[in-house]
Amino acid sequence: MTLTDIKHKKLVDWVNEIAKMTTPDNIVICNGSQKQYDELIELQVNSGLCVRLNEEKKPGCVLFDSDPSDVARVEKRTFIAAPTAEEAGPTNNWIDPAELKATMTGLYTGCMKGRTMYVIPFSMGPLGSPISKLGVEITDSAYVVNNMMIMTRVGDKVLELLGTDGEFIPCLHSVGKPLQEGETDGGKWPCAPMDDKYISQFPATREIWSYGSGYGGNALLGKKCLALRIATVIARDEGWLAEHMLILKVTSPEGESKYVTAAFPSACGKTNLAMLIPTIPGWKVQTIGDDIAWMKPGADGRLYAINPEAGFFGVAPGTSAQSNYNALAAASKNTIFTNVALTADKDVWWEGIGYDAPGEVIDWNGNPWTQNKADKSQKPAAHPNSRFTAPAGQCPCIAEEWEDPNGVPVSAILFGGRRPSTIPLVHMARNWNHGVFLGSIVGSEVTAATLDVKAGTIRRDPFAMLPFCGYNMGDYFKHWIEVGAAAPSADVLPKIFYVNWFRKTAEGKWLWPGYGDNSRVLKWVFECCNGTAKTVDTPIGIMPTVDAIDRPEGVTEEDMKALLTVDVDGWLKEVEDIRTNHYPKFGSHLPQELAEMLDTLEASLKASK
Ligand code: TSX
Ligand code: MN
């Protein structure tokens, strides 16, 4: 297919306009076929941008090494170009849209010289689902095309859905490295210097412009840019929720299933929870999604969730048969690895894979590397943010309904963070607005490794959405409250919980084994939804009685008490921190309901002393 075969005038005009600005050598329309996927991989293997892995051990897999300056999302170069700074809010980088367009037009002018421009029609969500949204990404990176083909639904079927005038979100991307006459990348990952990188969202016009980075969320524009930043704006206007949440299905021994979504800040093991293998006999957990949930009220008023993605873009380090057997299995074939180490037999290796590096490997910078466990300052062989891009359908525990166009009805929403003290293993919100309050105070304790603030500080990441909300976060809190208020009755709404797998003893020992044993908490959540859980009312919300959750091996009754006792003084400090350091950021945009919730919490804590 060529551009002239596309019957959508607005799309053709946009492609032509971008081609005129960026002057690529040629234009390729992505049809989503395996053949096209294979040809693009072949092209990149031949030009030295990636290596094919061992066909016996990792069939259909390749490894890319990025430029050392292009290894993660860049929040300081991420912009919400809303009409006014107030609309972007206190937690986003605002920039005037006209000014940004002028700057970026300068950068984009001639930026695809010597390159191919790829046009990727894609669907976020199952093709044709009433909850899905269509996008078209223009990119000069074949790596982006291959990743988008795993992470989204790409190709001719999307063009069919678009028809002659269907709605799509235009997503413009360039690595920002034009080639001179006869110049090639020479096997080097192309990107622009940091100060020329821009990850820009235009919420008013629902456009995405990204320049200068080829990595992850900076470049795979369906994910964080569309499915979160732009989708939050659409969701606000249309009355639904676009969230940074996993979706799992939990089934009891009696065969009853419920759907649970969960939001955690980074490094809390969201993908691990989405794919966990329960330790309680008879219980089953399956995956719908590991990163993003779009939840829309159905005719019955319940929230129905879809996973807008079609793959997992997972962090490799720490992923082992122990921590996440299912993720490893999903990434065992037809997977793109980025910035992990390469073994002599062309397999992959990373820190925390569960076994020592097999002899000399090639690190993510392309240098020989031999593991030396005695050397505590040894640089890792895999970049800490190295990734696997794996098709979701390859996950052994994927739920059969993961592509149901109607979505799955959500019974429970979990929030959480890494909190070595204060926050109990689990507590349930009294009602929807209390749950919104819990979402708004999400955060993880900063460790000694983070140098810019003192250890013990709580880094708040409300709803785990701090870098992903496309508008004023205070208004986003209000939108959550409004979604609850719009429900036909309180009992159709999901119950909301706060979980904390990361409690430690005063001596620094983990109190909770986590991982598969988190199924014990999921069981209590499940029972809460059915009204059969053993509960106790506390100043912070509804909690399990000490015997309500089956104790895992190695967890004493004392430990369980420590995990499930309200630390009144710790919570009073929490209230103080929220009152002085967190809520004031939102100024007049902080919903009154949340300010009142904080006062009520403080009063209940004081009354319990
Ligand atoms: O992913 C994690 N989860 C969720 C699993 C479903 N992690 C890893 C976090 C970094 C991505 C966890 N780490 C979890 C957890 O529940 N809990 C912990 C803390 C912990 C680590 C090790 C042990 C116990 C707790 N036990 C031993 O090392 C033996
Ligand atoms: Mn994420």
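A salt bridge is defined here as a side-chain nitrogen of Lys or Arg within 4 Å of a carboxyl oxygen of Asp or Glu. By this rule, glutamate 39 forms a salt bridge with lysine 35, with 3.1 Å between the closest N and O atoms. Because glutamate 39 and lysine 35 are four residues apart in helix H2 (residues 34-46), about one helical turn separates them. Helices (H or I, at least four residues) are DSSP runs, numbered from the N terminus.

The model is predicted, and local features need pLDDT of at least 70, side-chain atom pairs count only at pLDDT 80 or more, and totals for chains, interfaces and linings use all residues. Residues are numbered from 1 along each chain as its sequence is written, chains are lettered from A and ligands numbered from 1 in the order in which they are written, and side-chain values use heavy atoms, with hydrogens and water left out.

The domain assignment, whose bounds come from an automatic or database source, gives domain 1 (3-30 + 73-238), domain 2 (243-307 + 402-608) and domain 3 (311-394). The C-alpha centres of domain 1 and domain 2 are 33 Å apart. Between these two domains, 32 residues of domain 1 are in contact with 27 residues of domain 2, contact meaning heavy atoms within 4.5 Å. Domain 1 and domain 2 bury about 2,500 Å² between them, 60% of it on carbon and sulfur atoms; buried area is the accessible area (1.4 Å probe) that two parts lose on being put together, summed over both. In domain 1, the residues losing the most area to domain 2 are Thr91, Ile131 and Leu228, which together account for 25% of what that side buries.

Three salt bridges are found across the interface of domain 1 and domain 2. Residue pairs in polar contact between the two domains number 15 (both residues at pLDDT 80 or more); a polar contact is a pair of N or O atoms within 3.5 Å, where within protein one must be able to donate a hydrogen and the other to accept it, and residues adjacent in sequence count only if both atoms are side-chain atoms. On the side of domain 1 that touches domain 2, the elements giving two or more residues are helix H3 (85-88) and helix H8 (222-238). H8 supplies the largest share of that side, twelve residues.

Regarding ligand 1, a polar side-chain atom of asparagine 272 lies 2.8 Å from one of its oxygen atoms. A backbone N or O atom of tyrosine 515 is 3.0 Å from an oxygen atom of ligand 1.
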